[in-house]
Amino acid sequence: MNTEIKSPTSFHGLKPNCLSFSEVLAQSFAVIAPTTVPASNIGLIVALSGNGTWLSFVIGLMGLLLVSININQFASRSASPGSLYSYITKGLGATAGVICGWSLVLAYLFTGMSVLCGFANFFGIFISHLGIHPSSITLLAIGAGISWYAAYKDIQLSALTMLWLEVVSLVLIIILCLIIWAHKGFAVDMSQLTLSGVNPGNIATGLVLVMFGFSGFESATSLGDEAKKPLRTIPKAVMGSVILAGLFFVSTTYIEVLGFSGTGISITQTEEPLGFLSQQVGVGFLGELVGLGALFSFFACILGSINPAARVAFLMARHGLFHASLGHAHTENRTPHVAVTMCSFLTFLVPAIMSFFHIKLFECMGYLGAICSYGFLTVYILISVAAPVYLHKINKLRLIDIVFSMLAVGFMMIPILGSVGIPGSNLFPVPEAPYNLFPYLFLIYLVTSCSWFLIKKQRSPHLVAGMQQRVDEIHASFAERNNY
């Protein structure tokens, strides 16, 4: 039987069966952007968790492994460009699916905006050594423009670009960390292993930023049409990206905290910790290369964010939720070119407006990154609730599946409490302005989008039935060919 003929790509017109497992894995890994944590952001987490930072990463790894198990209940049975949007629609119905779709679009777009600011900031610093000082808006346009071309032209080109950029960056950091550890005599840091000076509140608060660092690991699910053997490669990529990123975060965190001991400099006050440590061990040139690698990682994350955002918008448009033009696939490139163009433009526009009002790129990166996290957390909770409901519908539900669902939701509530805060609590204090406003802005966004959906549903009585039918068609196409 020729399974290629029955490929679900016939529903969407995207380039079929072109991405290998490594290329699918690159999609999730690029949105995580693991290079940026040890190269830039680790000090923020250490400021909260201290010597327990490595443990915060271990707990974060465990929590997202539970979420990935719930995602893979769907990913091992069905695949589509709609990512978790189509899965949650299948499990919890159209309204929950719309909440997921809008949350995913916001999460991916704001992730792209945040890392675009990081790219522009790092790129500006890099070329300033050459005496070149372009405006922030110019740097933002360069990053968004190149990302748009790669995403517009060819998904394989996008995946290969992300794969090699991340591999080079990660290898450079691993080499530098090994040199740093060797310089310390491969010492065992008992202050970290015994959690010296750390209390449970430190671990829990640090977990907030740790969870944000992992956000986007599920983005490979948006490549259901383009992946080879999607029911195998996508689940492996989802779980593999969490495991690889988690191990990378834990090991580099341990070495960096150890490396700063005895230097008289606090890692919490250092914006480029690996650059500083490379100078300490006499390989400053390697620190410069790591900085360049971080620049590449920021770029890969921009591209990695535009790809899934465009594909979720593409499928939602085909379901009648967005303008129909967003659901068009390019006849030659077989990419969702209109959705890619819109997402790329929005990714540039918001940071450009913020920059126009003289908000620093580093501050923009923090603000936009904080907002995107609420979209991801909403989706992770919804998919964890949807998984056992879906399994019950197909008579596959087991007790262990309910346990995995409850544990995953419990883990996701920790960063939510940390983000919103509890008045008067020392464990989860209310964040300072403007971060204290972001959860409520996200709620306004969700209420507005849901209200729009309810109005649209009243005007188009067949909208929900059409959404459900299309999702069911995709699901049914895989029902009897789990080895596709």
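**Close-up views of a predicted model**

**View 1. The largest nonpolar core and the contacts of Tyr-85.** In this predicted model, the largest nonpolar core is made up of 139 residues, and those with the most contacts inside it are Leu-64, Val-67, Tyr-85, Phe-217 and Met-412. Helix 5, which covers residues 94-128, gives the most to this core, with 21 residues. Once its neighbours within four places in sequence are left aside, Tyr-85 is in contact with several residues, including Gly-97, Val-98, Cys-100, Gly-101 and Leu-104, and the list of contacts of Tyr-85 also includes Val-312, Leu-315, Met-316, His-319, Leu-321 and Met-467.

**View 2. Helix 14 and the residue Asn-395.** Helix 14 is formed by residues 361-393, and its 33 residues reach 48 Å from the first C-alpha to the last, close to the 48 Å expected at 1.5 Å a residue. Because 25 of the 33 residues of helix 14 are buried, this helix is largely enclosed by the rest of the structure. Helix 14 is followed by Asn-395, whose place is in the loop between helix 14 and helix 15 (399-420). Asn-395 has a positive phi of about 60° although it is not a glycine, whereas most residues other than glycine have a negative phi. With a relative accessible area of 70%, Asn-395 is exposed.

View 3. Helix 1 runs over residues 21-32, and its twelve residues reach 17 Å from the first C-alpha to the last, close to the 16 Å expected at 1.5 Å a residue. This helix is mostly covered, with ten of its twelve residues buried, among them Glu-23, Gln-27 and Ser-28 as well as Val-24, Leu-25 and Phe-29. Just after helix 1 comes Ala-33, which takes a positive phi of about 50°.

View 4. Cys-364 is in no disulfide, and the nearest cysteine sulfur, that of Cys-117, is 4.7 Å away, while the cut-off for a disulfide is a pair of sulfur atoms within 2.5 Å. For Cys-301, the closest cysteine sulfur is in Cys-372, at 8.8 Å, which is too far for a bond. Both residues are shielded in the sense used here: Cys-301 is buried, with a relative accessible area of 1%, and Cys-364 counts as buried at 0% relative accessibility.

View 5. Ser-355 is found in helix 13, which covers residues 337-356, and it is buried, with a relative accessible area of 13%. Leaving aside its neighbours within four places in sequence, Ser-355 is in contact with Ser-136, Ile-137 and Leu-140. Leu-195 lies in the loop between helix 8 (190-193) and helix 9 (200-214), where it is partly exposed, with a relative accessible area of 26%. The phi of Leu-195 is near 55°, a positive value in a residue other than glycine.

**View 6. Confidence along the chain.** The mean pLDDT of the protein chain is 83, and 90% of its residues reach 70 or more. Over residues 1-11, however, pLDDT stays under 50, and for this stretch the model has 22 contacts beyond four places in sequence. Residues 480-484 also have a pLDDT that stays under 50, and for them the model has 18 contacts beyond four places in sequence. Where pLDDT is low, the predicted coordinates should not be read in detail.

Technical notes
Residues are numbered from 1 along each chain as its sequence is written. This is a predicted model: local features need pLDDT of at least 70, side-chain atom pairs count only at pLDDT 80 or more; totals for chains, interfaces and linings use all residues. Side-chain values use heavy atoms; hydrogens and water are left out. A nonpolar core is a set of buried Ala, Val, Leu, Ile, Met, Phe, Trp, Tyr and Cys residues joined through side-chain atoms within 4.5 Å. Buried means under 20% relative accessible area, exposed over 50%, partly exposed in between (1.4 Å probe, protein chains only). Helices (H or I, at least four residues) and strands (E, at least two) are DSSP runs, numbered from the N terminus. Contact means heavy atoms within 4.5 Å. The expected span of a helix is 1.5 Å times one less than its number of residues. pLDDT is the predictor's confidence in each residue, from 0 to 100.
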